[in-house]
Amino acid sequence: MMKNIKFNIIKVLAFVLLASSCNDVLDETPDNRIEALDTPEKIAELLVGAYPDAAYVPFLEPMSDNAGDKGPSADTGIDFATTLNKRMYFWDDINDTDDDTPTNYWNRAYKAIAQANQALASIEALGGGSTYNALKGEALLCRAYAHFMLVSIFSKAYSSATASTDMGIPYVTKPETVLLAKYERGNVAQVYSQIQNDIETGIPLIKDEYNVPAYHFTKRAAHAFASRFYLNKGDWQKVIDHSTEALGTNALNVLRNWTTNYAPKTYSEQNYFYASSTDEPANLLLVSASSLYNRFHYSARYQMNSAIASKLFFGGNISGNDWSFGIYGSSDLYYNIPKFQEYFKVTNQAAGTGNAFVTYVLLSTDEVLLNRAEAYAMLGQFDKATTDINWSLSVKSDNYNPATDVLTASEIATLYQGFPTTTYTPFYGIPGASLPFVAAILDIKQTIFYNDGLRWFDIKRHNVELTHTDILGNSYKLPKNDNRRQVQIPESAQSFGIPQNPR
């Protein structure tokens, strides 16, 4: 059993930047903070900031097989972005603290956790009860989600065989009450157990009573998160149950319909509707993050080049149709798919300065549907897996004809016949009959979630070996089980005693 490691997290939590309307309250001593947060309205306002308002896509996409080398002519025009993009492509550690970096995500996730914990403490001090149940449910889901993302990025992938010895991340459950508090890093098994407890306690309490539901844990968003969590644990029936709750009775109507709703739109309109539209039924949970990614994702050197575009988009899909995604850009120096829109908040009108924000999709029905399909496949329910696969393809393909393009289970099995059994090696193992369906699902996910950051999590979960190639033809490998799959713990946290991930 790995010895629990103590470290000082005060510097991590020193980065907590709370919602402006709650700053005065949360600058007070803990007892005074609890007393000041004395109404449901004040606690609800606090929970607006309990979601990690930082981007993980900019540093996870170049680590995955969604990126290739465009060559030296590609240039972000932003120094930190150029450094970030290059170092992550070669799986190097980076200590920059700018927006869009791992350190920033770590800090903002713990900021969100601090606010969730403050809300929970205030609810407890007020006696709880039905008046506060929905707020408690949201706070628990927020705390679970932020910790889940941290352990998914900064620790090894969950494995039942090694989780009790793999280093986790600190699971913080109380507001700061003393200076220089000590926290245990613990192990992945402990972190997962606490996440599961918060999910299972929180979901029954959630009520859909938000003014802008897409920015909160609604019931459907909470079930979508649970679907992803149990997918990582390999608990297939729970994946199916939570996915079905998130999708509702007519899943096809809540998917993102690229074929009819997006393809006719302009580039700018597609950017808006993908992530910024709260009316898009596929968007179950959104976050507005301080980010410059919209300014450099299309021009970064290690991003979508011709080889990646051909592999993911230009060759069509297994239904025999072309993808209905629009690839924009005059050449592979600028190839991109419209998924982001920047909002610039002016802080000094005279100087023309301010902060850039980008909205990111954290949870979607498209992901949930394919989580369920993978769970069905792992349980040998191939017809049900095939139905979900067909639903996904039907709203993502040009000229899709349900009378002729619907795939059968045997056709999918034939298409992926002979797929190498060594490509995907998750801890739970994939039955031979299930492998073609899992391979098909992961191929679809890689394409439709390009530049959403999700591919990296599938690579970790399935222990996929990667090879990155530079413009000169030199190859760089990330073998299975390589320690670089754990993004390095921020240098600021290391300086206060937290042990770094092994290299």
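Leaving aside residues up to four places away in sequence, isoleucine 448 touches Tyr274, Trp323, Phe325, Lys339, Asp366, Leu370, Ser392 and Lys396, where a contact means heavy atoms within 4.5 Å. This isoleucine lies in helix α19; helices here are DSSP runs of H or I with at least four residues, strands are E runs of at least two, and both are numbered from the N terminus. Isoleucine 448 counts as buried because its relative accessibility is 2%; buried means under 20% relative accessible area, exposed means over 50%, and partly exposed is in between, with a 1.4 Å probe and protein chains only. For a sense of distance, its C-alpha atom is separated by 28 Å from that of isoleucine 195, 253 residues apart along the chain.

A word on the ground rules: this is a predicted model, in which local features need pLDDT of at least 70 and side-chain atom pairs count only at pLDDT 80 or more, while totals for chains, interfaces and linings use all residues. Residues are numbered from 1 along each chain as its sequence is written, and side-chain values use heavy atoms, with hydrogens and water left out.

Now look at phenylalanine 313, which sits in helix α15 (residues 306-314). Which residues does phenylalanine 313 touch, not counting those up to four places away in sequence? They are Met304, Trp323, Phe325, Ile327, Ile337, Thr447 and Tyr450.

An α-helix has 3.6 residues a turn, so residues three or four places apart point the same way.

Four residues separate β6 and β7 in their hairpin, and glycine 352 in the turn has a positive phi of about 70°.

A second hairpin is formed by β8 and β9, with five residues between the strands, where glycine 473 takes a positive phi near 95°. Four bridges hold this antiparallel pair, and threonine 467 stands opposite lysine 477 in β9. In a regular strand the side chains alternate between the two faces of the sheet. Strand β8 (residues 466-469) has Leu466 and His468 on a covered face and Thr467 and Thr469 on an uncovered one.

Most residues other than glycine have a negative phi. Tryptophan 91, in the loop between α6 (79-89) and α7 (102-125), has a positive phi near 55°. Asparagine 481, in the loop between β9 (475-478) and α21 (491-494), has one near 65°. Are these two residues buried or exposed? Tryptophan 91 is buried, at 3% relative accessible area, whereas asparagine 481 is exposed, at 61%.

Finally, step back to the whole chain, with its 21 helices and nine strands. Its C-alpha atoms fill a box of roughly 65 × 50 × 50 Å along the principal axes. For 503 residues, a compact globule would have a radius of gyration near 23 Å, and the 22 Å of this chain agrees; the radius is taken over C-alpha atoms, and the globule rule is 2.2 Å times the number of residues to the power 0.38. Buried residues make up 57% of the 503. Of the contacts with a separation of 6 or more, 73% are between residues 24 or more positions apart.

Terms used:
Two strands pair if DSSP finds at least two bridges between them.
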